[in-house]
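Hi,

Here is the structure I promised to pass on to you. Please open it alongside this message, and my notes follow just below.

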Amino acid sequence: MTEWLDHIQLVMLDWGYVGMFVSALLAATILPFSSDLVLAGLVAAGCSPVWIVAVATVGNWLGGLISYWMGWLGKTEWLERWFGVKHETIVKHKQRVDRWGPFLAIVSWVPFVGDVFAIVLGFYKARFWPTAWWLFVGKFLRYVVEALLVTGVIS
């Protein structure tokens, strides 16, 4: 399975900015994909870090919105029946999401677990536009830091 994903990432490098967009979009969904390697490869290949960050941010943000809407479609009964989550636990997490709301979307910058936050915010019906904004901010900050690390500006 990982050989297939490695091959896909190499193809994304060949596609340049389009590959960056697609890999960032896929990486923000539930698919196990890394846009970080594509970003590093494209910057190392001479692509503009500014454009790479812009394209990666938009792609990852749109992927995060897809995850949000996937969560929106979820039902409490599914968590209880298929995953054995107790109703009390769901209510407790709902209270946390209601308290912190869309601001939790900024955590979406964290690889792997950040995507779960987008799904959870959709599941608990966090307000869309503020969630979309903080999701964008989180994704942008992630790629800025990655680009700065890859270019050696910060170490």
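Glu146 counts as buried, at 14% relative accessibility; here buried means under 20% relative accessible area, exposed over 50% and partly exposed in between, with a 1.4 Å probe and protein chains only. This is a predicted model, where local features need pLDDT of at least 70 and side-chain atom pairs count only at pLDDT 80 or more, while totals for chains, interfaces and linings use all residues. Residues are numbered from 1 along each chain as its sequence is written, and side-chain values use heavy atoms, with hydrogens and water left out.

**Around Glu146**

Glu146 is found in helix H8 (residues 128-151); helices (H or I, at least four residues) and strands (E, at least two) are DSSP runs, numbered from the N terminus. Its side chain meets that of Arg142 in a salt bridge, at 3.1 Å from N to O. By salt bridge I mean a side-chain nitrogen of Lys or Arg within 4 Å of a carboxyl oxygen of Asp or Glu. Glu146 and Arg142 both lie in H8, four residues apart, which is about one turn of the helix. Arg142 is buried too, with a relative accessible area of 8%.

Arg142 also forms a salt bridge with Asp36, at 2.7 Å from N to O. That pair links distant parts of the chain, with Asp36 in helix H3 and Arg142 in helix H8, 106 residues apart. Asp36 counts as partly exposed, at 24% relative accessibility. Through shared partners, the salt bridges join Asp36, Arg142 and Glu146 into one network. If neighbours within four places in sequence are left aside, Glu146 is in contact with Asp36 and Leu39, where contact means heavy atoms within 4.5 Å.

How many salt bridges does the structure hold? There are four. One of them joins Asp115 and Lys139, whose closest N and O atoms are 3.7 Å apart. This pair also links distant parts of the chain: Asp115 is in helix H7 (residues 113-123) and Lys139 in helix H8, 24 residues apart. Asp115 counts as buried at 11% relative accessibility, and Lys139 as buried at 1%.

**Helix H3 and its ends**

Which residues of helix H3 (residues 35-44) are buried? They are Ser35, Val38, Leu39, Leu42 and Val43. These residues cover an arc of only 125 degrees around the axis, so they sit on the same side of H3; the arc is that of the directions from the helix axis to the C-beta atoms. Leu37 and Ala44, on the other side of H3, are exposed.

Ser34 caps the N-terminal end of H3, with a side-chain oxygen 3.4 Å from the backbone nitrogen of Asp36. This is a polar contact, meaning a pair of N or O atoms within 3.5 Å; within protein, one must be able to donate a hydrogen and the other to accept it, and residues adjacent in sequence count only if both atoms are side-chain atoms. Just after H3, Gly46 takes a positive phi of about 105 degrees.

**A serine in H2**

Ser23 lies in helix H2 (residues 17-27) and is buried, with a relative accessible area of 0%. Its side chain reaches the backbone oxygen of Met20 at 3.1 Å.

**Aromatic rings**

Rings of Phe, Tyr and Trp (its six-membered ring) pair if their centres lie within 6.5 Å; planes under 30 degrees apart count as stacked, over 60 as edge-to-face and the rest as tilted. By this rule the count comes to 11 aromatic pairs. Among them, Trp78 and Trp82 are stacked, because their ring centres are 5.7 Å apart and their planes are at 20 degrees. The two are four residues apart in helix H5 (residues 76-83), so about one helical turn separates them. Trp78 is partly exposed, with a relative accessible area of 32%, whereas Trp82 counts as exposed at 55%.

Elsewhere, Tyr68, Trp69, Trp72, Phe128 and Trp129 form one aromatic cluster. Lys125 lies over the face of Trp72, at 4.9 Å from the ring centre; a charge sits over a ring if NZ of Lys or CZ of Arg is within 6 Å of the ring centre and within 35 degrees of the ring normal.
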